[in-house]
Amino acid sequence: MGKTKKARKFAAVKRIISPKDARIKKNQELALQKKKKEEEQRVKHVPQVSSALFFTYNTQLGPPYHIIIDTNFINFSIKNKLDIVKSMMDCLYAKCVPCITDCVIAELEKLGSKFSVALKYVTVIGLSTQP
C-alpha cells in the first residue's frame, strides 16, 4: 500500500487589493482629514526662553571662563601633545580656568598604570578642583 501522490496547487496565491482601489483611497482620505482637524484644534504654546541663554545676547557670560575638564579631554591632550591651559586659551581667545572634579581624578586613579601620565599631569599642574 503506497502513498497516493497529491497534485500540487499551481499559482495558489493570496489575492491582494490593488493600491489604486477606491476603497483604500477613501480610507486614506478620511484619515488625512482627521489628522488635519486634530492639528487645527491643537493649540501650540511655545514657552519663552530666557535671553541670557544665548551667547550673543548674554552679557553675564564673559572671561575668565571656568571649564570643567573630563578624563577623555585630558587623555586627548596628552596623545596630541597639547598643553591643556594654552590650548583652551587659543581656542576661546580668553582667559580660562580649568576645573577638574574629584570624580575625574578618581576615575584616572581607577584606570591604573595606563593613565598614570594623565594623573601626574593633573596633579603636578595643580589645576583647581571642584567638588
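**Figure 1. Asn75 in helix 2.** Asn75 sits in helix 2. The model shown here and in the other views is predicted. Is Asn75 buried or exposed? Its relative accessible area is 14%, and the cut-off for burial is under 20%, so Asn75 counts as buried. Setting aside neighbours within four places in sequence, Asn75 is in contact with Leu108, Phe115 and Ala118.

**Figure 2. Helix 2 against helix 4.** Helix 2 covers residues 71-79, and helix 4 covers residues 102-111. The two pack at an angle of about 60 degrees. Their axes lie 9 Å apart. Helix 2 is therefore oblique to helix 4. By class, the contact has four nonpolar, two polar and one charged residues.

**Figure 3. The largest nonpolar core.** How many residues does the largest nonpolar core have? The core has 12 residues. Ile69, Ile74, Ile84, Met88, Cys96 and Ile100 are among them. Val104, Ile105, Leu108, Ala118, Leu119 and Val122 also belong to this core. Two or more residues each come from helix 3 (84-92), strand 2 (96-101), helix 4 and helix 5 (116-125). Nonpolar side chains tend to be buried together in soluble globular proteins.

**Figure 4. Two core members, Cys96 and Leu119.** Both Cys96 and Leu119 are part of the largest nonpolar core. Neighbours within four places in sequence are left aside for both contact lists. Cys96 is in contact with Tyr65, Ile67, Met88 and Met89. Leu119 lies in helix 5. Its contacts are Ile105, Leu108 and Glu109. The C-alpha atoms of Leu119 and Ala106 are separated by 9.4 Å. These two residues are 13 residues apart along the chain.

Figure 5. Most residues other than glycine have a negative phi. Lys81 has a positive phi of about 55 degrees, although it is not a glycine. Lys81 lies in the loop between helix 2 and helix 3. Its relative accessible area is 77%, so Lys81 is exposed. Tyr93 also has a positive phi of about 55 degrees and is not a glycine. The loop that holds Tyr93 runs between helix 3 and strand 2. Is Tyr93 buried or exposed? Tyr93 counts as exposed, because its relative accessibility is 76%.

**Figure 6. A cis peptide bond at Pro64.** Most peptide bonds are trans. The bond from Pro63 to Pro64 is cis. Its omega is near 0 degrees. Where does Pro64 lie? Pro64 is in the loop between helix 1 (22-41) and strand 1 (65-69).

**Figure 7. The whole protein, for orientation.** The protein has five helices and three strands. Along the sequence they follow the pattern α-β-α-α-β-α-α-β. Of the 131 residues, 17% are buried. Among contacts with a separation of 6 or more, 66% join residues 24 or more positions apart. The accessible surface comes to about 12100 Å². Carbon and sulfur atoms account for 59% of that surface.

Terms used. Residues are numbered from 1 along each chain as its sequence is written. This is a predicted model: local features need pLDDT of at least 70, side-chain atom pairs count only at pLDDT 80 or more; totals for chains, interfaces and linings use all residues. Side-chain values use heavy atoms; hydrogens and water are left out. Axes are lines fitted to C-alpha atoms, for helices over the stretch in contact, and angles run from 0 to 180 degrees between N-to-C directions. Helices (H or I, at least four residues) and strands (E, at least two) are DSSP runs, numbered from the N terminus. Angles under 35 degrees count as roughly parallel, over 145 as roughly antiparallel, 65 to 115 as roughly perpendicular and the rest as oblique. Ala, Val, Leu, Ile, Met, Phe, Trp, Tyr, Cys and Pro count as nonpolar, Asp, Glu, Lys and Arg as charged, and the others, Gly among them, as polar. A nonpolar core is a set of buried Ala, Val, Leu, Ile, Met, Phe, Trp, Tyr and Cys residues joined through side-chain atoms within 4.5 Å. Buried means under 20% relative accessible area, exposed over 50%, partly exposed in between (1.4 Å probe, protein chains only). Contact means heavy atoms within 4.5 Å. Accessible areas come from the Shrake-Rupley method with a 1.4 Å probe; for residues, only the protein chains shown count as cover.
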